Amino acid sequence: MKFGVFLPNGSNGYVLSEAIKPYVPTYAHQKAIALEAEKQGLSFALPMIKFKGFGGATGYWDHCMEPFTLIGALAAVTKTLNFIPTVALLALHPAYTARILATLSNISEGRVGLNVVTGWNRNEYTQMDLWPGAAFYKERYDYAAEYLAVLEDLWTTGHCDRKSKYWNLEDCHCFPTPEHPIPIVSAGQSPAGIKFCNDHADRRFVFGHPDVLDELEQRLKSGSRANYGTYILMHLIVEETDAKAKQVGEEIIRRADTVAISNMISSAQLDTNKGGSSEKHAASLGKSMEEGNPAFSIIPVVHGSAPTVAAKLDEIAERTGADGFMFSWNDFESGIRTFGQDVLPRLNCG
Ligand SMILES: Cc1cc2nc3c(=O)[nH]c(=O)nc-3n(C[C@H](O)[C@H](O)[C@H](O)COP(=O)(O)O)c2cc1C
């Protein structure tokens, strides 16, 4: 079982609430988190990318540090932690991405993968004149498949002559080729996103919503196996007592940044791809923290004392057969320390 951290490289991490002191991302903070994660035996860290935040009283995600440069620096100060930087496909030519990843693979001595993000939030791209039009909502996984085909050519041979709907490459060179495999990660939640994972990804990240856990349980019971490893995203609140942890979570929801939440939901409502996380965002108002409340970016919360949280994680791991968990926290540094010292030693799945 692998454990990882969803790096808070966007302002306020994954909490849209005035109950948490707002913060903007800095390298000093990301480095402290990465070093703590490595010290506590976590396996990986994944930074996201957002080109436009959702404002509100907390300025949610208005600042976002660029993942590749961030990982280049973090790889140089760590030894064992793996990194999964995110690429927003519309913003970077695949030949450029191929070269960046080959460079990061060399710097990190093979500790790097790639989180492939197709883009669900139109405003991030229209501001840069990079939005291909409304049809992209539905075409985005075809685009991603062609993008990955170019990466694959360049990483394996250093050349690509591929002609496709989106790219017309001619004797395209990309050296160095990476010396280590670069696992492809995708977090598409829709049927199209899941198919894409099955066809092209090494790892799939899912929000740990109750319906998703049920689906994973059914898959495990039926004995059918996916082509990818499954990693579950959860937000952890660990306190001295169960009651205190619940109270901390409820306070975050009580003081939710309603303007930022409404901006995020409005953006998600434009997405015409069916059955994915945009629909979950749109339906998230009023959900409990366990079901994916918008004050936690719809990430389901596991809360309680350390023994309670360990028991809940063991139960989820056993019934889903997941390969790993990725967590967010209210305060990442202290949260990772508590996880490593008080939760991890109690886990049977660890
Ligand atoms: C762990 C994780 C990381 C993600 N990182 C990003 C990101 O950095 N940028 C982004 O725009 N979307 C990100 N997403 C959103 C998904 O990649 C995906 O685009 C979204 O779920 C919409 O696709 P769907 O309709 O298939 O669900 C992330 C989702 C998860 C669960």
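## Strand 12 and its partners

In this predicted model, strand 10 (residues 229-238) and strand 12 run parallel, joined by six bridges. One of the paired positions links Tyr231 with Gly324, its bridge partner in strand 12.

Strand 12 also pairs with strand 1 (residues 2-7). That pairing is parallel too, and it spans four bridges. Here Val5 stands opposite Phe327 of strand 12. How much of strand 12 is buried? Five of its six residues, spanning 324-329, are buried, so the strand counts as mostly covered, given that a residue is buried with 20 or more other C-beta atoms within 10 Å.

## The nonpolar core

In soluble globular proteins, nonpolar side chains tend to be buried together. The largest nonpolar core in this model holds 97 residues. Which of them touch the most other members? They are Val5, Ala45, Phe83, Leu236, Phe325 and Met326.

Ile33 and Ala37 sit in helix 1, while Phe332 and Ile336 sit in helix 12.

## Helix 1 against helix 12

Two packed helices are described by the angle between their axes and the distance between the axes. The axes of helix 1 (residues 27-39) and helix 12 (residues 332-343) come within 9 Å. They cross at roughly 0°, which means that helix 1 is roughly parallel to helix 12.

On one side of this contact are Ala32, Ile33, Glu36 and Ala37 of helix 1. On the other are Phe332, Glu333, Ile336 and Arg337 of helix 12. By class, the contact has five nonpolar, no polar and three charged residues.

## Helix 7 against helix 11

Helix 7 (residues 210-222) and helix 11 (residues 306-320) have axes 7 Å apart. They pack at an angle of about 45°. The two helices are therefore oblique to each other.

Leu213, Leu216, Glu217 and Leu220 in helix 7 meet Ile316, Arg319 and Thr320 in helix 11. The contact counts four nonpolar, one polar and two charged residues.

Most residues other than glycine have a negative phi, and most peptide bonds are trans. Asn12 is not a glycine, yet it has a positive phi of about 70°. Asn12 is found in the loop between strand 1 and helix 1. Is Asn12 buried or exposed? Asn12 counts as buried because it has 27 C-beta neighbours inside 10 Å.

Asp129, also not a glycine, has a positive phi of about 60°. Its place is in the loop between helix 4 (122-126) and helix 5 (136-157). Asp129 is exposed, with 6 other C-beta atoms within 10 Å. A cis peptide bond runs from Phe175 to Pro176, with omega near 5°. Pro176 lies in the loop between strand 7 (172-173) and strand 8 (184-186).

## An exposed loop residue, Asp171

Asp171 lies in the loop between strand 6 (159-160) and strand 7. Asp171 counts as exposed because it has 7 C-beta neighbours inside 10 Å.

How many residues separate Asp171 from Asp211 in sequence? The two are 40 residues apart in sequence. In space, Asp171 and Asp211 are 47 Å apart, C-alpha to C-alpha.

Notes:
Residues are numbered from 1 along each chain as its sequence is written. This is a predicted model: local features need pLDDT of at least 70, side-chain atom pairs count only at pLDDT 80 or more; totals for chains, interfaces and linings use all residues. A residue is buried if 20 or more other C-beta atoms lie within 10 Å of its own, exposed if 12 or fewer, and partly exposed in between; C-beta atoms are placed from the backbone. Two strands pair if DSSP finds at least two bridges between them. A nonpolar core is a set of buried Ala, Val, Leu, Ile, Met, Phe, Trp, Tyr and Cys residues joined through C-beta atoms within 7 Å. Axes are lines fitted to C-alpha atoms, for helices over the stretch in contact, and angles run from 0 to 180 degrees between N-to-C directions. Angles under 35 degrees count as roughly parallel, over 145 as roughly antiparallel, 65 to 115 as roughly perpendicular and the rest as oblique. Two residues are in contact if their C-beta atoms, placed from the backbone, lie within 7 Å. Ala, Val, Leu, Ile, Met, Phe, Trp, Tyr, Cys and Pro count as nonpolar, Asp, Glu, Lys and Arg as charged, and the others, Gly among them, as polar.
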